[in-house]
Amino acid sequence: MNKKIVLSGIQATGRLTLGNYLGAINNWVKMQEEYDCYYMIANLHSLTVRNNPEDLKNNTLKILAIYIAAGLDPEKNTIFIQSQVKEHSELGWILDCYTYMGELSRMTQFKDKSIKHADNINAGLFTYPALMAADILLYQANLVPVGEDQRQHLEITRDIAERFNKLYGKTFVIPDAYVKKESARVMGLQNPESKMSKSATNINDVIFLEDAPEVILKKFKKAVTDSENKIRFEPIQKPGVSNLMQIYSSVTGKTMSDIEKEFEGKGYGDFKITVANSVIEKLKPIQDKYQSILNNQEYLEKIYTKGAENARKVAAKTLNDVKHKIGIL
């Protein structure tokens with residue numbers, strides 16, 4: 001039987017966080033045995049905000065190294081850099097012409113980023129969803145792992161694909177969201193009502209995957225809780241404590257009930273230290289392997305070159321079919 005196809009990726013801006021690992025990469029590792037997976041570093045999407053060129057290049061390689069260190073096997077997955085598969089840009093432009101202004105203007109991410117980057121509201125930020133649709137549709141992806149903040153982009157991808165198929169006949173697979181119930185949604189340590197973000201302005205709000213153990217411990221000790229001093233999972237009433245419980249559960253596999261029993265009668269101080277130590281233990285082998293991979297530039301080049309070659313074989317086939325149907329020689 002043919003495996004279902006999965007496509008996902010992370011932007012090449014900023015340093016990866018504990019949220020990126022627990023909410024995305026860790027789940028990708030589990031999927032690689034069951035699905036035909038394409039995982040990219042989305043450096044073209046990163047251009048919607050201003051980047052230091054050297055930082056963008058270095059972040060791209062760092063993310064690639066973390067993918068592999070975290071357990072993504074280059075022999076089982078197609079791991080590639082978005083810009084090295086030119087079909088993404090070409091199909092992105094074609095799909096721009098099948099995407100309506102009204103659809104794009106309703107995108108929440110465009111509205112949010114326009115507020116954050118009021119001095120740089122560029123056309124790429126506006127048409128971003130058409131390129132994302134190209135990313136997905138090029139590989140005829142059946143499933144796209146998404147969080148709640150990305151559902152809108154998947155919906156517009158489905159709309160674009162259905163519109164194109166209706167005009168020209170079956171061309172694209174209509175992708176579905178892949179949402180794993182046990183996937184962690186890691187919130188900020190200082191602002192537990194917002195998702196942990198690479199772009200956080202408060203350094204204590206986020207655990208970066210490259211953080212040293214002493215830094216991780218210090219950040220968890222400063223994590224926001226409440227005045228009750230009881231460990232109970234109540235996301236609405238106790239968002240800070242519930243977030244720490246979610247992190248601890250994701251790292252150890254313990255249920256919320258197990259955690260509540262484990263810390264019955266204990267205070268937040270002990271709890272924070274235990275959570276911090278569990279995260280440190282979980283990240284240590286990844287961090288050790290990451291440094292070794294990052295220092296081997298020849299190995300990284302081999303991986304992304306091979307990944308791009310394999311991705312292009314599939315992407316070119318889809319693009320050629322599209323061009324044939326719309327009359328481009």
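In these legends, a contact means heavy atoms within 4.5 Å. The model shown is a predicted one.

**View 1. Helix 3 meets helix 6.** His88, Ser89, Leu91, Gly92, Leu95 and Asp96 of helix 3 are in contact with Thr127, Ala130, Leu131, Ala133, Ala134, Asp135 and Leu137 of helix 6. If you sort the residues of this contact by type, you get 7 nonpolar, 4 polar and 2 charged. Helix 3 spans residues 87-96 and helix 6 spans residues 123-137; their axes come within 8 Å and cross at roughly 125 degrees. Angles from 65 to 115 degrees count as roughly perpendicular and those over 145 as roughly antiparallel, so helix 3 and helix 6 are oblique to each other. The crossing of helix 3 past helix 6 is right-handed.

**View 2. Helix 6 meets helix 7.** Stay with helix 6 and look for helix 7, residues 151-168: the two axes come within 9 Å and cross at roughly 75 degrees. This angle makes helix 6 roughly perpendicular to helix 7. From helix 6, the contact uses Tyr128, Pro129, Met132, Ala133, Ile136 and Leu137, and from helix 7 it uses His153, Leu154, Ile156, Thr157, Ile160 and Ala161. Here the tally is 10 nonpolar and 2 polar residues, with no charged ones.

View 3. Find Gln140 in the loop between helix 6 and strand 4, which covers 143-145. Gln140 is not a glycine, and yet its phi is positive, at about 55 degrees. Is Gln140 buried or exposed? With a relative accessible area of 19%, Gln140 is buried, since the cut-off for buried is under 20%.

View 4. Which residues of helix 8 (residues 213-221) are buried? They are Ile216, Lys219 and Phe220. These three cover an arc of only 95 degrees around the axis, which places them on the same side of helix 8. A handy rule is that an α-helix has 3.6 residues a turn, so residues three or four places apart point the same way. Glu214 and Lys218, on the other side of helix 8, are exposed. The buried residues pack against helix 1 (18-31), helix 9 (239-252) and helix 11 (268-294).

View 5. Asn229 sits in the loop between helix 8 and helix 9. Its phi is positive, about 60 degrees, although Asn229 is not a glycine. Asn229 has a relative accessible area of 40% and is partly exposed. Now move to Thr255, in the loop between helix 9 and helix 10 (256-262). Thr255 is partly exposed, with a relative accessible area of 39%.

**View 6. Helix 2 meets helix 11.** How do we describe two packed helices? We use the angle between their axes and the distance between the axes. Helix 2 (residues 53-69) and helix 11 pack at about 130 degrees, and their axes are 8 Å apart. Helix 2 and helix 11 are therefore oblique to each other, and their crossing is right-handed. Leu61, Lys62, Ala65, Ile66, Ile68 and Ala69 of helix 2 make the contact with Ile286, Lys289, Tyr290, Ile293 and Leu294 of helix 11. The residues of this contact divide into 9 nonpolar and 2 charged, with no polar ones.

Methods:
Residues numbered from 1 in each chain as written. Predicted model: local features only at pLDDT ≥ 70, side-chain atom pairs only at ≥ 80, totals over all residues. Heavy atoms only, no water. Axes fitted to C-alpha atoms, helices over the stretch in contact; angles between N-to-C directions. Helix = DSSP H or I, 4+ residues; strand = E, 2+ residues; numbered from the N terminus. Parallel < 35°, antiparallel > 145°, perpendicular 65-115°, else oblique. Left-handed = near helix turned anticlockwise from the far one by under 90°. Nonpolar A, V, L, I, M, F, W, Y, C, P; charged D, E, K, R; others polar. Buried < 20%, exposed > 50% of the residue type's maximum accessible area, 1.4 Å probe, protein only. Arc of directions from axis to C-beta.
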